[in-house]
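Here is a short report on one protein chain.

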Amino acid sequence: MYPTDPIYTVNMNDQQRAWFYAEYERARKDEVIGVLLALFLGGLGIHHFYLRRDGLGILYLVFSWTGIPMVIAWIECFFMPGRVRQYNAAQAMFISSQILGAAPSQPGSSTPTAPRCSACGNPVDPTAVFCNHCGAAIPRSALSTQPAL
């Protein structure tokens, strides 16, 4: 099942789009499974482990003998579809950023290369003020501060 929002694949070619959908299918979670896990195994925190929220899963597991996590999990089963959608959207955003960031730019291609830090040479975010690697200030020209059309 493809994500309903094509914003994740808008700047991709056909090969990158196929790669994205293959990775997304592996990473996405199903809403129905999330609800069923919260409903039947929520007292053990399995629904949190399903969404890779291990801290909450361990907390539910530790307090599972009290029965309180089971009551909370029954309430949480109503919120699970939204949480699964949020998890899937975060996965889609991460996968698309990795694919677009990993794509090498060809000399004749129209995609611009990422700006590099003048101090350490590592690529930096075009909107960053400081380099994430060395902390050096990134000088801005008049053209780099203009919004893209």
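## The segment after H6

Alanine 137 sits in the segment after H6. Helices and strands here are DSSP runs, numbered from the N terminus: helices are H or I runs of at least four residues, strands are E runs of at least two. Alanine 137 is exposed, with a relative accessible area of 52%. Three classes are used: buried is under 20% relative accessible area, exposed is over 50%, and partly exposed lies in between (1.4 Å probe, protein chains only).

Which residues does alanine 137 touch, not counting residues up to four places away in sequence? They are Val129 and Phe130. Contact means heavy atoms within 4.5 Å. The C-alpha atoms of alanine 137 and alanine 119 are 8.9 Å apart, and these residues are 18 apart along the chain.

## How the model is read

This is a predicted model, in which local features need pLDDT of at least 70, side-chain atom pairs count only at pLDDT 80 or more, and totals for chains, interfaces and linings use all residues. Residues are numbered from 1 along each chain as its sequence is written, and side-chain values use heavy atoms, leaving out hydrogens and water.

## The chain overall

The chain has 6 helices and 0 strands. Along the sequence the pattern reads α-α-α-α-α-α. Of the 149 residues in the chain, 27% are buried.

Take the contacts between residues at least 6 apart in sequence: 44% of them join residues at least 24 apart. The accessible surface of the chain is about 10300 Å², and carbon and sulfur atoms account for 64% of that. Accessible areas come from the Shrake-Rupley method with a 1.4 Å probe; for residues, only the protein chains shown count as cover.

Phe20, Tyr21 and Tyr24 form one aromatic cluster. Rings of Phe, Tyr and Trp (its six-membered ring) pair if their centres lie within 6.5 Å; planes under 30 degrees apart are stacked, over 60 edge-to-face, and the rest tilted. By this rule there are 2 aromatic pairs. Phenylalanine 20 and tyrosine 21 have ring centres 5.2 Å apart and planes at 70 degrees, so this pair is edge-to-face. Phenylalanine 20 and tyrosine 24 have ring centres 5.9 Å apart and planes at 15 degrees, so this pair is stacked.

Phenylalanine 20 and tyrosine 24 are 4 residues apart in helix H1 (residues 14-27), about one helical turn. An α-helix has 3.6 residues a turn, so residues three or four places apart point the same way. Tyrosine 21 is buried at 18%, and tyrosine 24 is buried at 6%.

Histidine 47 belongs to helix H3 (residues 46-50). Its relative accessible area is 0%, so histidine 47 is buried. Leaving aside neighbours within four places in sequence, the contacts of histidine 47 include Leu37, Tyr60, Ala73, Glu76 and Met80. A polar contact of 2.7 Å links the side chains of histidine 47 and glutamate 76. Such a contact is a pair of N or O atoms within 3.5 Å; within protein, one must be able to donate a hydrogen and the other to accept it, and residues adjacent in sequence count only if both atoms are side-chain atoms.

Glu76 is one of the buried residues of helix H5 (residues 68-76), along with Pro69 and Ala73. Down the axis of H5, the buried residues fall within an arc of 60 degrees, so they line one face of the helix. The arc is that of the directions from the helix axis to the C-beta atoms.

## A loop with a positive phi

Arginine 52 lies in the loop between H3 and helix H4 (54-62). Arginine 52 is exposed at 60% relative accessibility. Its phi is near 60 degrees, a positive value in a residue other than glycine. Most residues other than glycine have a negative phi.

Valine 32 lies in helix H2 (residues 31-41) and is exposed at 52%.

Arginine 85 is in helix H6 (residues 80-102). Arginine 85 is partly exposed at 48%. Arginine 85 and arginine 28 are 57 residues apart in sequence and 9.0 Å apart, C-alpha to C-alpha.
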